[in-house]
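Here is a short briefing on selected helices and loop residues. Keep the sequence and the 3D view open while you read.

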Amino acid sequence: MKFISTRHQASSLPFSETLLHGIAPDGGLYVPESIPIFDLSHIKRIETKTSFSKFAVDILRPFLKGDLLEQSLESICQEAFNFPVTFFDLDSETSVLELFYGPTAAFKDFGARFLASCLSRLAQQRGISFHILVATSGDTGGAVASAFFQRPNTQVTVLFPKGRISSLQEKQITVWGENVSALAVNGSFDDCQRLVKEMLSDTNSKAKLALTSANSISLGRLLPQILYYASSSLEHCHRHGSEANYIIPSGNLGNAMGAFYARKMGFPLGKIVLVQNANCPLVDYLKNDVWATRPSIPTLANAMDVGNPSNMERLNHLFPTRKEVLSAFEAFSVSDAEIQESIRQGFSKWGQIWCPHTATAGWIRLDQKQGRWIIVATAHPSKFSETVEPLLGRKIPLPSSLAEIYSRPSHFQEIEPELKALQAKIGQTHSFF
Ligand SMILES: *Cc1c(COP(=O)(O)O)cnc(C)c1O
């Protein structure tokens, strides 16, 4: 299997090599040159219950056919997916797919952990060490830091905007040490992202330091997001005898691409609804047929505060005509007031405690949609206790993995938002404690 650029000007590459490039040399994103189709009569026999990681190997194998990592796929999946996925019915028409039982309590653990296992093995095969740079506005940095911690032959530097992320998010980025370092940038998230881009486009330091990125456009983060749609749709079909319809809280559309690919691969997914918060370029696009991005505005569901979704090119590649786009999915926008109302109603109706992201999907189920739907739950509510606790009038205990992080000391250095300052820090190969 090879992967091609959405802009068709770069040569096609196997999976492993796309990981080192990140973005294709023509500025496009890598996508599979063809989607492997699974025969349902065959996949029904794949046991999804006994082991998610075994299921993962069967589903991902065609994507890694002929790749340097093909032989390691089993151990990669075992290492990456060492936490549960839960899928249960709330009532006769509503189910929940909970994706937040990984170490940082959000669905980004699936992608970050798979990518970390892949890059670590690639570096070992080559006898080198990769230096991974990530800019974060909050959640991604924690998932990446935790996923790469103590992985051989990798060194990670996370850049975050100083004083602009929550204290829990800062803890998730700064407690690690060893091969994971944190830099507090005196600036905004956009400054952090610009610094990473500048550093990666400086071919000299890129080659010298074996620099690469771990942002959401990496195929190593995208492919594993197919898995939980594949497995839950099979389980749904088994339980209810029908295709599974999903409501997905969306920002950069990485999670949504996982669902679209799973459906193309032949898994029994029916309708797909994408929910955005007040940042809703996709909703406007469906309505007006004009793609307009804008600066993001802050909302309660801050991991979805995206004005220019990075996976839009992949979506357009998969659905090249307006007709295909319109029949592939629906999109809705949910306001902060509706998020709050959804959190209240989810609790009073079903006893569910939702994070603000999950609540956007919950709201569409409560307010709009009849019929059977699956709410995709993307983060543990305790990560957003300042929003959720006052609405429900109760304390939400942290999962043990997060509570443990709070007890550890933070370490980070500060830099000004300038390339020179970043270069000076990255030049030191050991973690800067
Ligand atoms: C990142 C994130 C999202 C948005 O996912 P995309 O793949 O960017 O669309 C939704 N909810 C949570 C909790 C997230 O961390």
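Helices here are DSSP runs of H or I with at least four residues, and strands are runs of E with at least two, numbered from the N terminus. By that naming, Asp289 sits in the loop that joins α13 (281–288) to α14 (312–318). The model is predicted.

**Loop residues**

- Phi of Asp289 is near 60°, which is positive although the residue is not glycine. Asp289 is partly exposed, at 42% relative accessible area.
- Leu253 also has a positive phi without being glycine, with a value near 70°. Its loop runs between β9 (244–249) and α12 (254–264).
- Is Leu253 buried or exposed? Leu253 is buried, because its relative accessible area is 1% and the cut-off for buried is under 20%.
- Ala10 belongs to the loop between β1 (3–5) and α1 (15–21). With a relative accessible area of 17%, Ala10 is buried.
- Beyond its neighbours within four places in sequence, Ala10 contacts Ser5, Ala24, Pro25 and Asp26.
- Ala10 and Met312 are 302 residues apart along the chain, and 19 Å separates their C-alpha atoms.

**Helices α16 and α17**

- The axes of α16 (residues 336–350) and α17 (residues 356–367) come within 8 Å and cross at roughly 75°. The two helices are therefore roughly perpendicular, since angles of 65 to 115 degrees count as such.
- On the α16 side, the contact includes Glu338, Ile339, Ile343 and Trp350. On the α17 side, Pro356, Trp363, Arg365 and Leu366 are among the partners.
- Which residue classes make up this contact? Seven residues are nonpolar, five are polar and four are charged.

**Helix α8**

- Helix α8 (residues 189–201) has 13 residues and should span 18 Å at 1.5 Å a residue. Its end C-alpha atoms are 18 Å apart, so the two values agree.
- Asp191, Cys192, Leu195, Val196, Met199 and Leu200 are the buried residues of α8. They lie on the same side of the helix, because they cover an arc of only 165° around the axis.
- The face turned away from that buried side carries exposed Asp190, Lys197 and Ser201.

**Helix α20**

- In α20 (residues 419–426), Leu422, Lys425 and Ile426 are buried. Their arc around the axis is only 95°, so they share the same side of α20.
- What covers these buried residues? The cover includes helix α8 and the strands β5 (130–135), β6 (154–161), β7 (180–185), β8 (211–213) and β13 (413–415).

How values were computed. Residues numbered from 1 in each chain as written. Predicted model: local features only at pLDDT ≥ 70, side-chain atom pairs only at ≥ 80, totals over all residues. Heavy atoms only, no water. Axes fitted to C-alpha atoms, helices over the stretch in contact; angles between N-to-C directions. Parallel < 35°, antiparallel > 145°, perpendicular 65-115°, else oblique. Contact = heavy atoms within 4.5 Å. Nonpolar A, V, L, I, M, F, W, Y, C, P; charged D, E, K, R; others polar. Expected span 1.5 Å × (residues − 1). Buried < 20%, exposed > 50% of the residue type's maximum accessible area, 1.4 Å probe, protein only. Arc of directions from axis to C-beta.
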